[in-house]
Amino acid sequence: MKIVSVDIIDVKNPLQSAVAKWRPVVVRINTDEGVSGFGEVGMAYGVGASAGFGMAKDLARLLIGEDPMRSEYIWDKMQKKTFWGQGGGTVVSAGMSAIDIALWDIKGKVLGVPCYQLFGGKCRDELRTYASQLQFGWGNAEKKEILTTPEQYAKAAEQALADGYDAIKVDVNEIDLEGRAKKRNLYGCFARRDLLVGYERLKAIREAVGDKIDIIVEAHALTDTTSAIEFGNMIEEFRIAAYEEPVMALNPGQLKQVKDGINIPIAAGERVYTRWGFRPF
């Protein structure tokens, strides 16, 4: 079996144009035996989708004529033979990942088993889920909301609870009091009035749902070491299940300093790539 062609698909969002905020990029690898595999470039939102498209297109040239069952060999070829692959980063990793996923898809189809069987088989019968990003509302799929008041945050949490969720994730600092996202300066020592914005929102959530829901506090790395520690200590009383991305992933020492300065479990890793990227953490 040989790879004969690769299609890079810029998927148009049915509600928006292909260059709008949500822009999935899909890779389809085709073989001479009629089996195709699909993978996705994980840069469907935010700035960078066009770069992911270009990266996958460039990498695709390395695949023609290769045996798709040799996925580890192809991954190594992409990582080592492109010069930039060994530099890592979001764009290179996203392009490589899309191709790797498509190769595993082919392998599973050829062998007649789902990919999870190839990865070692099922380990759990069920997984816990959480209602995510409640700062944009919950319960109305047709209308995106921007929440500002503590009462709105409490209502969204109650709606998630009513839907059967026993955990939520919310960034209580992302939206300012005027409803603007990512406009607040969350670096350095917070003024108490600024700290109280997120604090009062979390307080309202905890008071509304009691102990029926675990709360994950999302930070999107919008805070620095000082402000992350300061806010983390302030919200400890609300029994926070996890504090996600309190600081950016470019400096593992920062995250270590935050971990040592608070008593809340930390979640991180969505912007760390390959085993080399995770090693310092």
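**View 1. The largest pocket of this predicted model has a volume of about 1,400 Å³.** The model is predicted, so local features need pLDDT of at least 70 and side-chain atom pairs count only at pLDDT 80 or more, while totals for chains, interfaces and linings use all residues. Residues are numbered from 1 along each chain as its sequence is written, and side-chain values use heavy atoms, with hydrogens and water left out. Of the 40 residues lining this pocket, Trp22, Tyr45, Gly46, His220 and Glu270 are the closest to its centre. A pocket here is an open set of points, on a 1 Å grid over the protein atoms alone, with protein on both sides within 12 Å along at least five of seven lines, and lining residues have an atom within 4 Å of a point. Points are joined across faces, edges and corners, and a volume is the space filled by probe spheres set on them.

**View 2. Helix α3 (residues 90–111) gives the most to the lining of the largest pocket, with 5 residues.** Helices are DSSP runs (H or I, at least four residues), as are strands (E, at least two), numbered from the N terminus. The whole lining divides into 15 nonpolar, 12 polar and 13 charged residues.

**View 3. The largest nonpolar core holds 36 residues.** Such a core is a set of buried Ala, Val, Leu, Ile, Met, Phe, Trp, Tyr and Cys residues joined through side-chain atoms within 4.5 Å, where buried means under 20% relative accessible area (1.4 Å probe, protein chains only). Leu134, Ile168, Leu202 and Ile215 touch the most other members. Among the elements giving two or more residues are β4 (167–170), α6 (192–209) and β5 (214–218), and α6 gives the most, with 5.

**View 4. The largest cavity has a volume of about 60 Å³.** A cavity is a set of grid points where a 1.4 Å probe fits but cannot get out. Residues lining the largest cavity include Asp171, Asn173, Glu218, Phe231 and Tyr243. Its lining has 6 nonpolar, 2 polar and 2 charged residues.

Methods:
Nonpolar A, V, L, I, M, F, W, Y, C, P; charged D, E, K, R; others polar. Buried < 20%, exposed > 50% of the residue type's maximum accessible area, 1.4 Å probe, protein only.
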